[in-house]
Every structure is written in C-alpha cells, then in structure tokens.
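Please give me a guided tour of this model. I have it open in a viewer and want to know what to select next and what is there.

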Amino acid sequence: MDEQRIYGALEGLKKKQKRALSRAISIVENHEEGMEIVLDYAYQNMNDNALLIGITGPGGAGKSTTVDKIIEEFRKRDMKVGVMAVDPSSPYTGGAFLGDRIRMFKHSSDDGVYIRSFGSRGAMGGISEGTKNALYLFKNYDFDVILIESLGIGQDETEITNFVDVTVVTVVPGFGDSVQIAKAGMQEIADIFVINKADKPDAQMYYNQMKEQLLSIPEEIRPLILTTIATTGKGIPEMVDALIDVGNRQITKRQQKEEARVRSEIRSQLLDRLAERLEGDVEALAEDVLDKKMTPFEASRKIDAKVTIG
Amino acid sequence: MSDRKVKVMIAKCGCDIHERGALTMLNVFRDAGFEVIYTGRYQSEEGVAKAAVDEDVDIIAVSDLSGSLVIICRKILAALAEMGVDDIKMMCGGLLSEQDEKDLYDMGLFAVMGTGSPVQASVDAIKEVMGIE
C-alpha cells in the first residue's frame with residue numbers, strides 16, 4: 001500500500017481540496033490497495049446537500065451537449081456543479097475514449113465546476129463500480145448539483161436511478177417509435193423525458209406519440225416530457241427549472257432509494273470479492289467442462305458447495 | 001487487485017484547425033488500452049492544465065500543426081507549476097523544427113514526435129515512461 005498516496009488523499013479530502021478529490025477518485029477507480037480507508041471516510045462524512053441528477057439515453061442523443069448547457073444554466077444561478085461523465089471502455093483492450101468532456105471543455109477553467117470522466121470498465125448497469133464509489137467522494141464536497149451522465153446503451157440503465165434524485169432520459173426523434181418507449185425500463189426509470197433535437201421535422205409527432213404512451217401512468221408519477229435543442233440552448237432554462245422542481249419532490253424518495261442502494265452496494269461489493277476469490281476454481285472447472293467431463297451447471301454447483309463449506 | 005489504467009489527455013490549444021493527428025492518436029491510444037480524454041480544439045493552456053488535474057491524468061499529449069508547440073507546452077507547464085503539480089508528464093507531436101525539438105526536450109517533455117513519426121513510437125514512449133512492458 002502506498003501510504004503517502006492514500007493518507008495524502010485522505011488529508012486533502014478532509015480539507016476539501018479539489019486536487020485530493022481527483023487523487024481519491026483515481027484511487028477508488030483503480031482499486032488501489034488502501035482504497036477502503038478513503039471510502040470508509042468518504043461514506044461516513046458525505047453530505048446530502050447536492051441535488052443528484054442522472055442523465056442517460058442512447059449515444060448520439062445529445063447528452064453531453066445538454067449537460068454542457070445545463071452546467072451553464074446552473075452556473076448562472078450561482079450553483080456549484082460536479083459532473084461525472086461515463087463512457088464505454090473497450091471489452092477487448094480495456095482502453096477507452098472518454099469523449100464527453102469535449103462538449104463541456106469550456107467549463108474547465110471555471111472553479112465552480114468539476115468534471116471527471118470515467119471509463120465504464122466492464123460495468124453493465126450504466127455506471128461502473130468506480131463511478132458509484134466516486135459519487136461518495138463527490139458528496140464530501142460542497143456541490144449544489146451533481147450530474148451523472150451515464151452510458152447510452154439504451155436498454156439496461158436502470159441501476160442509475162437508485163443513485164440519483166432525478167433521472168433524465170434523453171431521446172431524439174427517429175430513435176424508435178412508441179414500441180421502444182413501451183419497453184420495460186425506459187418509462188419506469190425516467191422522471192423526465194427530454195426530446196432533444198426538437199427542430200427535427202418529426203419531433204412533434206414523436207412528442208405526441210410519447211405523450212399518449214405515458215397516459216396510462218397515474219398523473220402524479222407520470223414522467224414529464226420536455227423538448228430541447230441543446231446546440232442552441234433552447235429549452236434549457238425550462239429543463240433546469242423542471243430538474244429542480246422534480247428534484248425537490250423526489251427527495252421524499254431518498255429513503256426508499258437508499259434502502260435499495262445499500263442492498264445493491266453490499267451485493268456488488270460481495271460479488272466482486274467472491275469473483276476474485278473463486279476465479280481459480282472457475283478457470284479450473286472450465287477446463288473440465290471444455291473436456292466434456294461435466295456440464296457448466298455441475299461446475300457451478302460444485303463451486304457453490306465449496307463456498308458454503310468455506 | 002489494482003486495475004490501474006494509463007490516462008492520457010490529448011490537448012489542442014490556440015488557433016489550429018488540423019485535428020486529424022489528434023483524432024488518429026485517440027484511436028491509437030484507446031487501442032493500446034489507455035483511457036484517453038480529448039480536449040477538443042481551440043482550448044486555453046490554463047483550461048487544459050486544470051482539466052488534466054481534475055481528471056488526474058498521467059500524461060498530457062499536445063498536438064499542434066501551427067508551429068506553436070514550444071509556446072503551448074511552455075504555457076501548459078507554467079500553468080501546472082502554478083498549481084503545484086509536478087507529476088503529470090508531457091509529450092507532444094506535430095509540426096516542429098530541430099530547434100523546437102531541442103527546446104521541448106529541454107523543457108522536460110519525455111517524447112517529441114515530428115510529423116511522419118510512426119504512431120507506435122508514441123505508444124512505446126508512453127509505456128516506457130509509465131514503466132509498463
């Protein structure tokens with residue numbers, strides 16, 4: 001363990017230095033030895049002041065451009081903004097092009113904005129382990145708003161909702177009809193749908209379709225539908241108003257979400273540890289399965305039995 | 001289990017429209033297994049330095065084809081020094097003279113790539129300075 005690095009970051013966190021936040025995020029993202037020391041401190045000392053906003057949606061829908069514009073709007077209202085931007089890592093090389101920041105780069109020289117890019121590093125639910133842990137670190141600082149822009153896979157992004165107060169799903173006209181909207185997940189996670197690129201010819205039709213589609217949901221929990229043109233900033237002030245408004249109402253759900261989150265947190269940490277510990281067994285039995293000595297089902301039962309005894 | 005990734009920020013500053021080199025290196029670095037962040041064009045040196053600190057990158061790779069590499073790199077280094085940062089390494093690539101190359105190495109850059117350098121040379125230089133095989 002690099003004590004100087006870990007305890008250095010910890011000291012900086014206590015003094016709320018930005019530099020230490022950067023360092024601490026790297027420590028948890030890289031799974032460096034000693035990360036638990038930083039995380040334990042961060043978890044115990046985090047505050048609940050920030051409004052947490054998750055923005056998700058398919059790639060190319062304009063999430064980053066939207067985030068850029070809403071940072072601007074929040075800054076006009078003198079609110080400090082933290083941004084976590086997640087982009088996919090390559091499952092083959094582990095490399096990643098973290099491209100979200102390009103759209104928001106002009107905020108780099110603003111001290112009231114902190115932007116950090118993350119590679120998904122193999123995560124499925126839209127946010128990686130590193131991102132989740134980094135959120136605890138963000139919550140040790142005095143941000144008024146924390147924005148999480150997550151992977152635009154489009155179909156498996158449900159996990160993000162438990163970590164934020166408001167979930168925004170950004171869509172664009174032409175990305176599928178009411179069938180797509182009807183698919184499980186989309187409606188349930190969105191507090192606000194934002195139809196971006198609303199200057200496209202079929203935007204009104206898409207809005208109408210979506211509106212009808214959502215009619216079956218009781219009015220008090222029905223997602224809002226907003227339209228924006230992120231490149232010009234049209235609709236952005238209204239979107240920020242809605243975020244704050246919905247956020248204030250959603251705060252009542254914090255308890256409920258926390259319960260779900262804590263469970264999934266323990267579970268995923270546990271699975272990580274187990275996976276690491278049992279990797280050898282998986283490898284060994286995989287050979288047997290490949291040699292047709294047993295089925296994959298037998299193999300998993302065998303490992304399971306071992307865990308129960310151990 | 002440490003899961004450390006080399007983090008590289010490709011930076012472009014000033015009035016230089018030539019982006020192909022930067023975009024090519026984005027792909028090359030990604031495929032080499034690095035995490036790459038691109039600043040986009042027309043950035044300020046101070047913005048690049050601050051972003052590099054926020055992102056906690058290992059390396060800033062400056063791309064420029066306007067002949068201003070020496071000026072840009074000097075300003076970025078100055079901005080980093082002002083923030084008290086001395087652990088971010090810097091390299092650059094693009095259009096440069098022999099004198100530029102000498103000046104840039106004197107400033108402490110670990111690699112200076114002229115036009116026509118093979119892309120693998122940049123990858124190798126990063127791996128070497130980061131101490132990975």
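## Cysteines of chain B

Start by selecting Cys92(B) and Cys73(B): the sulfur of Cys92(B) has its closest cysteine sulfur in Cys73(B), 4.4 Å away, which is too far for a bond. A disulfide here is a pair of cysteine sulfur atoms within 2.5 Å. Cys92(B) counts as buried, at 2% relative accessibility. Buried means under 20% relative accessible area, exposed over 50%, and partly exposed in between, with a 1.4 Å probe and protein chains only.

A search of the whole structure finds 0 disulfides over all chains.

A note on the model before moving on. This is a predicted model, where local features need pLDDT of at least 70 and side-chain atom pairs count only at pLDDT 80 or more, while totals for chains, interfaces and linings use all residues. Residues are numbered from 1 along each chain as its sequence is written, chains are lettered from A and ligands numbered from 1 in the order in which they are written, and side-chain values use heavy atoms, leaving out hydrogens and water.

## Chain B as a whole

Now show chain B as a cartoon. There are 5 helices and 5 strands; these are DSSP runs, helices (H or I) of at least four residues and strands (E) of at least two, numbered from the N terminus. Along the sequence, the pattern of chain B is β-α-β-α-β-α-β-α-β-α.

Zoom out. The C-alpha atoms of chain B fill a box of roughly 45 × 35 × 25 Å along the principal axes. Of the 133 residues in chain B, 52% are buried. Take contacts (heavy atoms within 4.5 Å). Among those in chain B between residues at least 6 apart in sequence, 69% join residues at least 24 apart.

## Aromatic pairs

Next, colour the aromatic side chains. Over all chains, a search of the whole structure finds 6 aromatic pairs. Rings of Phe, Tyr and Trp (its six-membered ring) pair if their centres lie within 6.5 Å; planes under 30 degrees apart count as stacked, over 60 as edge-to-face and the rest as tilted.

Select Tyr43(A) and Tyr136(A). Their ring centres are 5.0 Å apart and their planes at 70 degrees, so the pair is edge-to-face. The pair links distant parts of the chain: Tyr43(A) is in helix H3 and Tyr136(A) in helix H6 (residues 129-138) of chain A, 93 residues apart. Tyr43(A) is partly exposed, at 38% relative accessible area, whereas Tyr136(A) is buried, at 5%.

Jump to Phe29(B) and Phe34(B). Here the ring centres are 5.8 Å apart and the planes at 45 degrees, so the pair is tilted. Both Phe29(B) and Phe34(B) are buried.

Return to chain A and select Tyr114(A), Phe138(A), Tyr141(A) and Phe143(A). Ring pairs link these four into a cluster.

## Last stop: Val38(A)

Which helix holds Val38(A)? Val38(A) is in helix H3 (residues 35-45) of chain A. Val38(A) is buried, with a relative accessible area of 0%. Show its contacts beyond four places in sequence: Ile6(A), Leu10(A), Leu13(A), Ala24(A) and Leu137(A). Finally, draw a distance from Val38(A) to Gly130(A): these residues are 92 apart along the chain, and their C-alpha atoms are separated by 13 Å.
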